[in-house]
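Dear colleague,

Please find below the structure that I am handing over to you. My findings follow it, grouped by region.

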Amino acid sequence: MSEGITMSFKVHFTRGQTGQRLMHEGTKPPPAPVAGGRVPRISRLMALAIRFDELVRRGAVTDFAEIAELGQVTRARVSQIVNLLNLDPTLQEALLFLPLVAGERETVSERDVRAIAAEPDWGRQREMWLGLVDSVVLA
């Protein structure tokens, strides 16, 4: 009777691209660090404005009033959000890619951006934006 061979070593398992289990030698590496902070509120509102516009253009909803009713918010609030689409496209992009906010305080407030969006001239909007960005420190 043979007692067999016993081998002892550490392994860990991961999932492959198609979901199969893969065995790796050694201990499981620590997870990659996640970037701290959160997406700024104004960035989320800009994305929401783009989404609302897309829903209306596709015909998924009849108008912005229906979005307000579905979201249980006032029409005025939906208008405030959708008015962000009046911004110069470069400013819209800048809002979408603002740096993450680490603390509670927002670097760019919605109120400040609403004032810029109310300006019909895109050149003037860019000047106002530069003035706003100069007054805050973007990390």
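Helices here are DSSP runs of H or I with at least four residues, numbered from the N terminus. By that rule, Gln125 has its place in helix 6. Please bear in mind throughout that this is a predicted model.

Gln125 and its surroundings

Gln125 has a relative accessible area of 0%, and is therefore buried. Leaving aside residues up to four places away in sequence, Gln125 touches Asn86, Leu87, Asp88, Leu91, Ile116, Ala117 and Glu119. One of these contacts, Leu91, is itself among the buried residues of helix 4.

The buried residues of helix 4 are Leu91, Gln92 and Leu95. They lie on the same side of helix 4, because the arc they cover around the axis is only 105 degrees. The cover over these buried residues includes helix 1, helix 5 (110-117) and helix 6 (122-135).

Two packed helices are described by the angle between their axes and the distance between the axes. For helix 1 (residues 41-58) and helix 4 (residues 89-96), the axes come within 8 Å and cross at roughly 125 degrees. Helix 1 is therefore oblique to helix 4. On the helix 1 side, the contact involves Ile42, Ser43, Met46, Ala47 and Ile50, which meet Gln92, Leu95 and Leu96 of helix 4. By residue class, the contact of helix 1 with helix 4 comprises 6 nonpolar, 2 polar and no charged residues.

Salt bridges

A search of the whole structure returns 9 salt bridges. Three of them may be of interest to you.

In one, the side chains of Glu110 and Arg77 meet at 2.6 Å, N to O. This pair links distant parts of the chain, with Glu110 in helix 5 and Arg77 in helix 3 (residues 75-82), 33 residues apart.

Arg114 and Glu110 both belong to helix 5 and are 4 residues apart, about one turn of the helix. Arg114 counts as partly exposed, because its relative accessibility is 32%.

The side chains of Glu127 and Arg124 form a salt bridge as well, at 3.4 Å, N to O. Because Glu127 and Arg124 are 3 residues apart in helix 6, about one helical turn separates them. With a relative accessibility of 38%, Arg124 counts as partly exposed. Elsewhere, salt bridges that share partners join Arg41, Arg77, Glu110 and Arg114 into one network.

Phe13 in strand 1

Phe13 is found in strand 1 (residues 11-15). Its relative accessible area is 42%, so Phe13 is partly exposed. Not counting residues up to four places away in sequence, Phe13 touches Arg21, Leu22 and Met23. The C-alpha atoms of Phe13 and Met23 are separated by 4.6 Å, although the two residues are 10 residues apart along the chain.

Yours sincerely

Methods:
Residues numbered from 1 in each chain as written. Predicted model: local features only at pLDDT ≥ 70, side-chain atom pairs only at ≥ 80, totals over all residues. Heavy atoms only, no water. Axes fitted to C-alpha atoms, helices over the stretch in contact; angles between N-to-C directions. Helix = DSSP H or I, 4+ residues; strand = E, 2+ residues; numbered from the N terminus. Parallel < 35°, antiparallel > 145°, perpendicular 65-115°, else oblique. Contact = heavy atoms within 4.5 Å. Nonpolar A, V, L, I, M, F, W, Y, C, P; charged D, E, K, R; others polar. Buried < 20%, exposed > 50% of the residue type's maximum accessible area, 1.4 Å probe, protein only. Arc of directions from axis to C-beta. Salt bridge = Lys/Arg side-chain N within 4 Å of Asp/Glu carboxyl O.
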